[in-house]
Amino acid sequence: MKNILVGVTGGIAAYKSAGIVSLLKKKGYNVKVVMTENATKIIGPLTLETLSRNRIYVDMWDSNPHYEVEHISLADWADVVLIAPATYNIIGKVANGIADDMLTTILSAVSVRKPVFFALAMNVNMYENPILKENIDKLKSFGYRFIDAEEGLLACNYSAKGRMSEPENIVDEIERYSIFSKFENFDIVLKNKKILITSGRTKENIDPVRYLSNNSSGKMGYSLAQAAVDLGAEVTLISGPTNLKVPNGLEKFIFVESALEMYEKVDEYFKNTDIFIACAAVADYRPKEYKKEKIKKSDSDFVIELVRNPDILLEMSKKKEKQLLVGFAAETNEIRENALKKLEKKNLDIIVANNASVMGSDENVIEIIKKDRTSVEISQKSKVELAYDILSEVIFELEKRY
């Protein structure tokens, strides 16, 4: 998936298309841009031409000589089509087969096998119009994909849902699609499966301003949650503190701080779970006593007495019935040996072994080890890509059960 055709329509969010094109080019994609006449009144074609390093297409009747039927050649050239912003108008046109300008004519000629994304952007009243919903449902039934609008301050001065998603999120969604679309029947491969995932770090408070914690960013768990949603699962994500955006499409998102809070929530949802992925970096210990007032500095040493937190994955393994259990082993030495010990002790189906030194990074090297001791080593990849590698092994294990 290298060629991306970006369609820019006449919504005020058209200015964000410059950020989208720039990001796609930085990631190595070939980008061509088609603009509606109204879009050119919001952002100049020269800006997008400079960023994409390709000529911009606007007019069906361009007098420049070409030896190909442009709307057909562009439809054939594109691996993916992204409409951003996708206005009420463009969705209505495409849903009802109207092809009255360059962009809609290209869309009518795009093969049904190619992904077309609409990044929604419009006034909240238009967004809530039942006609729009009907048109979106119709297009979804034909395989068109939608990147939902976000809540925020709109150009009409409303603070509501309707603002186009940020360029980074839109590009991330397209990149994820290129990964998970490799699965056969990708959007239903985990349909009707309930997946419980823990992610992030936990905080063990010492006093109102101090706490014990670790360096986990939560990126791996959040990537797994989004990947599982993309593959059709019903996902509950229980997360400790992170700086990450909550994945789209979750069944439930539950925020906790301490290991005890995480244990209680996992215990609550575990029984009705098909797959439990314990990805959180849970504190092994907590202070025996919490001080309600800030501890004052003194000239003597300060000693904190610690007590064990419950081992969430071990406790769930004792309650295991039909659930498939996936654990993580973040180690600094003897990584495989320590991972195998955890695999056996906690009665896991799969354990993902990795070096703890990569906490907080965007990439990792992992080994996925299964109950029968077979394993898959995966070299350096982004955590987004690794999420699908891990889930592919989960899917394989599920298929062996049936």
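Predicted model: local features only at pLDDT ≥ 70, side-chain atom pairs only at ≥ 80, totals over all residues.

Visitor: Fine. Which strands does helix α10 lie across?
Guide: Helix α10, residues 259-270, lies across β9 (194-199), β12, β13, β14 (275-278) and β17 (324-331). It runs at about 175° to β9.

Visitor: And helix α12, what does that touch?
Guide: Helix α12 (residues 335-345) packs on the sheet and touches β17, β18 (350-355), β19 (363-370) and β20. Its direction makes about 150° with that of β18.

Visitor: What's the strand order in the sheet of 8 strands?
Guide: The order is β13-β12-β9-β14-β17-β18-β19-β20. The sheet is open, and its pairing is mixed.

Visitor: Which strands stand at the edges?
Guide: β13 (252-255) and β20 (375-382). Each has a single partner strand, so one side of each is left without a neighbour in the sheet.

Visitor: How much are neighbouring strands turned against each other?
Guide: By 15° on average, direction ignored.

Visitor: In what sense do β12 and β13 pair?
Guide: Parallel, over 4 bridges. β12 covers residues 234-239. Ile238 has Ile254 in β13 as its bridge partner.

Visitor: How many bridges join β17 to β18?
Guide: There are 6, and the two strands run parallel. Gly327 stands opposite Ile351 in β18.

Visitor: Is β18 mostly covered or mostly open?
Guide: Mostly covered. Of its 6 residues, 5 are buried.

Visitor: How many bridges join β1 to β2?
Guide: 6 bridges join β1 (residues 3-8) to β2 (residues 30-35), and the strands run parallel. Val8 stands opposite Met35 in β2.

Visitor: Switching to aromatics. How many aromatic pairs are there?
Guide: The structure holds 5. One of them is Phe117 with Tyr177. Their ring centres are 5.5 Å apart and the planes sit at 85°, so the pair is edge-to-face.

Visitor: Where do Phe117 and Tyr177 lie?
Guide: Phe117 is in strand β5 (residues 116-120) and Tyr177 is in helix α8 (residues 167-180). The pair therefore ties together parts that are 60 residues apart in sequence. Both Phe117 and Tyr177 are buried.

Visitor: What about the rings of Phe118 and Tyr144?
Guide: Their centres are 5.8 Å apart and their planes are at 45°, so that pair is tilted. Phe118 belongs to strand β5, while Tyr144 is in the loop between α7 (130-141) and β6 (145-147). The two residues are 26 apart, so to speak a link between distant parts of the chain.

Visitor: Is Phe118 buried or exposed?
Guide: Buried, at 0% relative accessibility. Phe118 also forms one aromatic cluster with Tyr144 and Phe146.

Visitor: Which ring does Lys2 sit over?
Guide: The ring of Tyr29. The charged end of Lys2 is 5.5 Å from the ring centre. In another case, Lys32 lies over the face of Trp77, at 4.7 Å from the ring centre.

Visitor: Back to Lys2. Which side chain reaches its backbone nitrogen?
Guide: That of Asp79, at 2.9 Å. Asp79 lies in the loop between α3 (70-77) and β4. With a relative accessible area of 32%, Asp79 is partly exposed.

Visitor: How far is Asp79 from Lys194?
Guide: Their C-alpha atoms are separated by 32 Å. Along the chain, the two residues are 115 apart.

Visitor: Last one. Where is Ser216?
Guide: In the loop between β11 (211-212) and α9 (219-230). Ser216 is buried, with a relative accessible area of 15%.

Visitor: What does its side chain reach?
Guide: The side chain of Ser216 reaches the backbone nitrogen of Gly218 at 3.4 Å. Leaving out residues up to four places away in sequence, Ser216 touches Gly200, Arg201, Ala281 and Met359.

Conventions. Residues numbered from 1 in each chain as written. Heavy atoms only, no water. Phe/Tyr/Trp six-rings, centres within 6.5 Å; stacked < 30°, edge-to-face > 60°. Buried < 20%, exposed > 50% of the residue type's maximum accessible area, 1.4 Å probe, protein only. Lys NZ or Arg CZ within 6 Å of the ring centre and 35° of its normal. Pairing = 2+ DSSP bridges. Polar contact = N/O pair within 3.5 Å; in protein donor to acceptor, adjacent residues only side chain to side chain. Contact = heavy atoms within 4.5 Å. Axes fitted to C-alpha atoms, helices over the stretch in contact; angles between N-to-C directions.
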